Amino acid sequence: MNVPNFLSLLRLAMVPMFCVAFFQPREDAHLIAAGIYALASLTDVLDGWIARHFHQITRLGRVLDPLADKLMTFSVIACITIAGMIPLWAVVVFFCKEALMGLGALSMYRKVDDVIPSNRLGKASTVAFFAVCLALMLFPGIPREWAAAMIAAALALTLAAALVYLRDYLAVVGRKRKE
């Protein structure tokens with residue numbers, strides 16, 4: 001196991017840690033959860049940089065990394081929804097988009113024995129979600145309408161990224177059929 005894959009596994013382990021910390025009956029619970037989320041995000045940046053810089057990109061890593069990202073992001077958005085910080089529709093939209101992307105990745109893996117690597121728009125949407133969710137945890141006084149608008153903007157970016165992934169998926173699968 002290489003370092004980037006280990007960091008992705010570590011990030012997966014942080015998902016339940018975040019959820020437990022978020023719902024602790026302490027005044028600083030959201031601050032602790034935000035710290036765990038920030039640390040998880042740092043491992044995401046590090047594993048990607050190490051994998052590219054030291055040529056340690058693996059097929060396992062191309063599955064583990066987005067899985068860890070999606071589980072962490074879904075857990076964060078679910079927790080802030082349960083806490084009443086954002087409306088329920090946001091988590092439903094996010095979950096449906098991620099479920100479709102997961103099914104697409106599974107389909108692609110079966111058809112071409114690989115998955116589409118992340119792209120800039122996907123990375124930008126991850127950063128946007130991180131910033132919005134972190135802001136909501138650190139500044140609980142943000143009005144619900146503003147929070148909904150912030151999440152809607154992040155969701156629009158992630159849906160745009162999903163369309164790019166769909167385009168790439170269709171291109172790769174189309175080429176495979178022609179072979």
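**Asking about the helices and rings**

Guide: From its N terminus on, the chain runs α-α-α-α-α-α, and what stands above is a predicted model, in which local features need a pLDDT of at least 70, side-chain atom pairs count only at pLDDT 80 or more, and totals for chains, interfaces and linings use all residues. Residues are numbered from 1 along each chain as its sequence is written, and side-chain values use heavy atoms, with hydrogens and water left out.

Visitor: How many helices and strands are there in the chain?

Guide: There are six helices and zero strands, where a helix is a DSSP run of H or I with at least four residues and a strand is a run of E with at least two, numbered from the N terminus.

Visitor: How confident is the predictor, and where is confidence lowest and highest?

Guide: On the pLDDT scale, which gives confidence in each residue from 0 to 100, the chain has a mean of 89, and 100% of its residues reach 70 or more. Confidence is lowest in α4, with a mean of 84, and highest in helix α1 (residues 3-22), at 97.

Visitor: What makes the chain agree with a compact globule?

Guide: The radius of gyration, taken over C-alpha atoms, is set against a rule of 2.2 Å times the number of residues to the power 0.38. For 179 residues a compact globule would have a value near 16 Å, and the chain has 17 Å, so the two agree. Along the principal axes, the C-alpha atoms fill a box of roughly 60 × 35 × 20 Å.

Visitor: Why does F22 count as buried?

Guide: Buried means under 20% relative accessible area, exposed over 50% and partly exposed in between (1.4 Å probe, protein chains only), and because F22 has 2%, it counts as buried. F23, at 43%, is therefore partly exposed.

Visitor: What makes the pair of F74 and F95 tilted?

Guide: The centres of F74 and F95 are 5.3 Å apart and the planes are at 50°, which is the tilted arrangement. This pair links distant parts of the chain, with F74 in helix α3 and F95 in helix α4, 21 residues apart. F74, at 28%, and F95, at 45%, are both partly exposed.

Visitor: How do you know that H55 is exposed?

Guide: H55 has a relative accessible area of 73%, and therefore counts as exposed. H55 lies in the loop between α2 (29-53) and α3, and its phi is near 55°, a positive value in a residue other than glycine.

Visitor: Which residues line the largest cavity?

Guide: A cavity is a set of points on a 1 Å grid over the protein atoms alone where a 1.4 Å probe fits but cannot get out, and lining residues have an atom within 4 Å of a point. K70, T73, F94, K97, E98, S125, T126, F129 and T158 line the largest one. Helices α3 (59-82), α4 (88-112) and α5 (120-138) each supply at least two residues of that lining.

Technical notes: On a 1 Å grid over the protein atoms alone, a cavity is a set of points where a 1.4 Å probe fits but cannot get out, and a pocket is an open set with protein on both sides within 12 Å along at least five of seven lines; lining residues have an atom within 4 Å of a point. Rings of Phe, Tyr and Trp (its six-membered ring) pair if their centres lie within 6.5 Å; planes under 30 degrees apart count as stacked, over 60 as edge-to-face and the rest as tilted.
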